[in-house]
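This briefing covers a predicted model.

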Amino acid sequence: MEGFVRTVLGDVSSESIEGMVLVHEHLNFDTSRIKHDPDACMTEPETIIEELKEFSRAGGDLLVDLSTTNTGRNPEILRHIAMNCSNKVVCSTGFYFGLYLPLVAITSSANSLAERFVREITEGIDGTDVKAGVIGEIGWGQQVLPAEKRVFEAAVIAHKATGAAIITHTYFGLNALEQLDFLEKKGVNTEKVGIGHMDLYPDPDIHFEVAKRGAFVCIDNIGRTDYRPDSERVEMIRFLFEKGLGNKIILSSDVSRKSHLHKYGGHGYDHVLTRFVSMLYEAGFSEDDVLLLLHENPLRLISISGE
């Protein structure tokens, strides 16, 4: 695997990452102010360090924290977590969507936002030397706001300047093709795009279209059976494998609430690597298939060229 991954503790060669990778997670996340729900405040770094022990025992190596400004992103906390666990951690740059957008995202030009994203990738975040390794999760709501489009425009500029991947948030998967259309027209390398929450909109034709056009189909709410059973996610994956597009799937669990953690009775960061992988094996997938889904595919998405 060529290139490197930019973690909160520095750059590491992609080939040095030997374990499993989850590219849509949250280690410090807080949307409680908007949702008026204390469960949506997951800001317990010492708890997270303990929770990640299970992820490591299950073969986990690296996680990407897609928290943003106004949803709990904190580079110092991520560095603390990374220094006190056996996992590599990647921080992101970008802004979320809708009511979660900070004032700067609403009032700034795309070029100004892009300068900020590039600076956070190449120099550091919020006065620290912790650098972002991906752009995300940037999102659109059910009705796309002008500010949301400017964030996407800025992401395109930053992607072209740095080679960092773009990982999106869709509105339950409904605007996946619209996001991909926008990014393609702006000249983004779709091999470096992950379209988020595709498992929340189980339309195989749309999954096929996203994958066929080169982007990654993110099945990233695994374990969230309040949305749909994991058995349906297995069938989504089977469909794309049957179409020869197994190399265009990303798996993750989007842990983002206290109730998702083992401490509070949830499925934890290890769910994908334990229970869900067992489901894949029971469904006839091979060890090579699992390595493709949880090692090769995510590394191809988030690795930055060394050129």
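Strand β7 (residues 88-93) pairs with strand β8 (residues 132-139) in the parallel sense, over three bridges. Within this pairing, Ser92 stands opposite Val134 in β8. Both strands belong to an open sheet of eight strands with parallel pairing.

**Sheet**
- The strand order is β3-β6-β7-β8-β9-β10-β11-β12.
- β3 (20-25) and β12 (249-251) are the edge strands, each pairing on one side only.
- On average, and with direction ignored, neighbouring strands of the sheet are turned by 30° against each other.

**Helices on the sheet**
- Helix α2 (residues 45-57) lies across β3 and β6 (60-65), and runs at about 130° to β6.
- Helix α6 (residues 146-162) packs on the sheet, where it touches β8 and β9 (166-169).
- The direction of α6 makes about 155° with that of β8.

- The model has 22 salt bridges.
- Glu44 forms a salt bridge with Lys263, with the closest N and O atoms 3.5 Å apart.
- This pair links distant parts of the chain, 219 residues apart: Glu44 sits in the loop between β5 (41-42) and α2, and Lys263 in the loop between β12 and α10 (272-282).
- Glu44 is partly exposed at a relative accessible area of 22%, whereas Lys263 counts as exposed at 52% relative accessibility.
- Lys248 and Glu191 meet through their side chains in a salt bridge of 2.6 Å, N to O.
- Here too the pair links distant parts of the chain, 57 residues apart, with Lys248 in the loop between α9 (230-242) and β12 and Glu191 in the loop between α7 (176-185) and β10 (193-195).
- Lys248 counts as buried because its relative accessibility is 5%, under the 20% limit.

**Salt bridge within a helix**
- The side chains of Glu120 and Arg116 form a salt bridge at 3.9 Å, N to O, which falls within the 4 Å cut-off.
- Glu120 and Arg116 are four residues apart in helix α5 (residues 110-122), so about one helical turn separates them.
- Glu120 is buried, with a relative accessible area of 4%.

**Salt-bridge network**
- A network of salt bridges links Asp181, Glu184, Glu209, Lys212 and Arg213.
- Side chains of opposite charge can pair when their charged atoms come close.

Definitions and conventions:
Residues numbered from 1 in each chain as written. Predicted model: local features only at pLDDT ≥ 70, side-chain atom pairs only at ≥ 80, totals over all residues. Heavy atoms only, no water. Pairing = 2+ DSSP bridges. Helix = DSSP H or I, 4+ residues; strand = E, 2+ residues; numbered from the N terminus. Axes fitted to C-alpha atoms, helices over the stretch in contact; angles between N-to-C directions. Contact = heavy atoms within 4.5 Å. Buried < 20%, exposed > 50% of the residue type's maximum accessible area, 1.4 Å probe, protein only.
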